[in-house]
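Hi,

Here is the structure I said I'd pass on.

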Amino acid sequence: MVSGLVALGTFASAGTAVADETPQSPGGATATLGDLKTYGSAVVHDHGEDSWVSAGLFEMSVDDGGTLQTYGVDLRNPTQRDARYREISWSGTSLSGNKDAGRIRWILQNSYPQVNDLAALAKKAGASGLTEQDAAAGTQVAIWRYSDGADVDAVDANAEKLADFLQRHARSLPEPEASLTLAPAAVSGHAGERLGPVTVHTNADGVTVTPPADAATSGVRVVDEDGRPVTSAADGSRLFFDIPRDGADGSASLSVQASTSVPVGRAFASESRSQTQILAGSSESTVSATASADWAATGAVPALTAEKNCADGGVDITAVNKGDEAFTFELLGVEHTIAAGAAQTVTVPLQEDQAYDFTISAPHGFAKRFTGVLDCMTQGGPGDITTQTVGEPSPASVGGGTGSGPDLAATGGSAATPAIAGIAIGLVVVGGAALLLVRRRQTPATGPSRD
């Protein structure tokens, strides 16, 4: 059930530090997966076997308010009800390197629920009519043909006509921008300086800026380029941490929050082991992002960030040293030194589905902890459809396949606790160096032609 070991590594320079856990998402919406709400039936043809599956729209509840509708882009992986998801760029998911990812976005923008005139949609598709269930099933089937290279058909004839229409007419569109991010997510420097800039990127009309929690006692302020305190900002705003000259070495963070609709086509990845989703619709939802700052009077002062890199099968660790001395750290037994004023990105290779948890320590008691699961593949191989199921099928499952293959557990998930995540936690090896595991790669296949 877990393809590979789970390793916990501590990558540290000299000294002891208390690590702040750093999210692997640059910002945006965070949500909890609910049920498969609007769906029909589909059949997956795989190596001479037919497996039946529910196909349609999931619903997610956004933290602090809002609702999302999503389709799956990871057919052969299971979903877990109540799994936690974060908005993420395509590069950190199985859509990375998929030349047809842009066609999926076109499908989302030109089908249900973005197009809710089902009579008009049926007419375009040459169908005699479409219910919401048919429209959701047909849309999901068309997406799977491009996201997973799956040989899959909708059971309902009208839903199948819609799937064929969408696949034939799909055109490549660019990846949508994030709903809200701060870039970079970490800055560093000396006391008495303005550290930054941290630039706001958002589709919201404006964002609320929350200063560090201990701003009243530490004297750290969030200011604009002219040094004026900031409590609100907009797309393109440049924010700075204003550090008192006589302040002790330390760290601080700011957060921004907004209410907006998340752009259609944004990807959502689970914090555990649950099928990657792509956004089909959004209510007005709460989105947020966080940036941190570290400062010291002298010595190395690195800003550390991490981002999943599915193209290279690992996690990119970027260190920017704004101190006046070199910063040295070790990853997988290899020592890296970053000169004062320089930056470097190191890719930590991981096995597919591997949970990771590692800490990089720095001088002055600073440390950053990075955790997550690398989920970059659609697991498209012989027998994968039957071996990737977890727990009991939800009520959204459809029984009675047309061939000898067993049913595919519903893309609607399981009522059981996330089994894979639990096993992963149990396999964590506390302390020690990280294990270098063989990296597996897969090139996404193009869906079969339906012309």
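First, the ground rules. This is a predicted model, in which local features need pLDDT of at least 70 and side-chain atom pairs count only at pLDDT 80 or more, while totals for chains, interfaces and linings use all residues. Residues are numbered from 1 along each chain as its sequence is written, and side-chain values use heavy atoms, with hydrogens and water left out.

The protein chain has 7 helices and 25 strands (DSSP runs numbered from the N terminus: helices are H or I with at least four residues, strands are E with at least two). Of its 451 residues, 55% are buried (under 20% relative accessible area; exposed is over 50%, partly exposed lies in between, with a 1.4 Å probe and protein chains only). Among contacts (heavy atoms within 4.5 Å) with a separation of 6 or more, 73% link residues 24 or more positions apart. The accessible surface is about 17900 Å², and carbon and sulfur atoms hold 49% of that (Shrake-Rupley method, 1.4 Å probe; for residues, only the protein chains shown count as cover).

Now for β20, residues 314-321. The rest of the structure largely encloses this strand, because 6 of its 8 residues are buried. β20 pairs (DSSP finds at least two bridges between the strands) with β19, residues 302-309, in the antiparallel sense over 8 bridges. Thr 305 sits opposite Thr 318 there. The hairpin of these two strands has 4 residues between them, and Gly 313 takes a positive phi near 65°. β20 also pairs with β23, residues 343-349, again antiparallel, over 7 bridges, with Ala 319 opposite Gln 344.

There's also an open sheet of 5 strands with mixed pairing, in the order β9-β18-β15-β11-β13. β9 (186-189) and β13 (232-233) each have a single partner strand, so at these edges one side is left without a neighbour in the sheet.

Last, which strand holds His 201? His 201 is in β10, residues 194-202, and is partly exposed at 36% relative accessible area. Setting aside neighbours within four places in sequence, His 201 contacts Ser 179, Leu 180, Thr 181, Ala 183 and Asp 235. Gly 27 is 174 residues away from His 201 in sequence, yet their C-alpha atoms are 9.8 Å apart.

Cheers
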